[in-house]
Amino acid sequence: MASADSAEQLVCSTDPEHPANLIPSLCAKFWTLGWVTGTGGGCSIKDDDLVYIAPSGVQKELIKNTDIYVLSLAAQEPPYKHRTYLRSPPRHKPSQCTPLFLAAFTRRRAGCCIHTHSQWAVLVTLLLEQDRRGAGSNVFEINNMEQIKGFGRGLGRQGNLGYHDTLRIPVIENTPHEEDLTEFLEAAMDEYPDTYAVLVRRHGVYVWGDDVHKAKTQCESLDYLFQLAVEMKKLGIPWISNVPRVAPERP
Ligand SMILES: CSC[C@@H](O)[C@@H](O)C(=O)COP(=O)(O)O
Ligand SMILES: [Zn+2]
């Protein structure tokens, strides 16, 4: 661990964009959306080699910068089960989501990963569970929706998805302990190399992005689409439609 002074400096900044300040302010916003309620959910930010992590089992909307754990990614050994920290506040433990956040940082070169317990995400996994008819039910698919344009095409690919593209978000089964989700999340990342999110059945969703802005806007777009999908299901409207690709004729 770093000396007490240097460990403090890792989280003390007057810059609101500093990760140790951003995690508390983002979590406070996410709480108002019902994403991190009752201590569930959270987010983590990677800045160069440093990873900033919230404490476990605390009210996420009340976190302070001094509650934040910090580790050096380069100093960790895969599969990241045993981790060493540059800054480790003694009052708590680092988030149980840490190995899942690290999977997004190492496998997807993400700069930020958000985990929500949004009820819309959970409902989508329940609807897919009910519809289970073969392998297709382990993926959420939707097309021909403007908000799909809020998603990147995938790691190393330029631009965003188009209106007619199909957005696919894989679903993994929940496990009794959060850390045990890691290998299933990694397998879903391998199977869907372009995805920026993985749903967890009856639990929530992990969403990441190249930076905080992209992770946040993709998470917002996804939550919008999950809510829309639940309402569409109630109205009997399919998530995949065959809207013609030709532009309508001008009047
Ligand atoms: C309401 S408890 C939820 C936890 O088990 C877990 O799913 C979670 O999202 C948050 O874990 P935490 O270790 O508090 O960061
Ligand atoms: Zn969770």
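A residue is called buried if 20 or more other C-beta atoms lie within 10 Å of its own, exposed if 12 or fewer do, and partly exposed in between, with C-beta atoms placed from the backbone. This is a predicted model, in which local features need pLDDT of at least 70 and side-chain atom pairs count only at pLDDT 80 or more, while totals for chains, interfaces and linings use all residues. Residues are numbered from 1 along each chain as its sequence is written, and chains are lettered from A and ligands numbered from 1 in the order in which they are written. Helices (H or I, at least four residues) and strands (E, at least two) are DSSP runs, numbered from the N terminus.

**Strand β5 and its partner**
- The covered face of β5 carries Phe140 and Ile142, whereas Val139, Glu141 and Asn143 lie on the uncovered one.
- In a regular strand the side chains alternate between the two faces of the sheet.
- β5 and β6 run antiparallel and are joined by 5 bridges, where pairing requires that DSSP finds at least two bridges between two strands.
- Within this pair, Glu141 stands opposite Arg168 of β6.

**Helix α4**
- Helix α4, residues 119-130, has 12 residues and reaches 16 Å from its first C-alpha to its last, close to the 16 Å expected, a span taken as 1.5 Å times one less than the number of residues.
- Its buried residues are Trp120, Ala121, Val122, Val124, Thr125 and Leu128, and what covers them includes β5 (139-143), β6 (166-172) and α6 (212-235).

- Leaving aside neighbours within four places in sequence, Val207 is in contact (C-beta atoms, placed from the backbone, within 7 Å) with residues including Ile114, Tyr196, Ala215 and Leu222.

**Backbone points in the loops**
- Pro78 and Pro79 are joined by a cis peptide bond, with omega about 5°, and Pro79 is placed in the loop between β3 (69-72) and α3 (98-107).
- Tyr80, in the loop between β3 and α3, has a positive phi of about 65° although it is not a glycine, and counts as partly exposed with 18 C-beta neighbours inside 10 Å.
- Thr39, in the loop between α2 (19-32) and β1 (42-47), has a positive phi near 75°.

Definitions and conventions:
Two residues are in contact if their C-beta atoms, placed from the backbone, lie within 7 Å.
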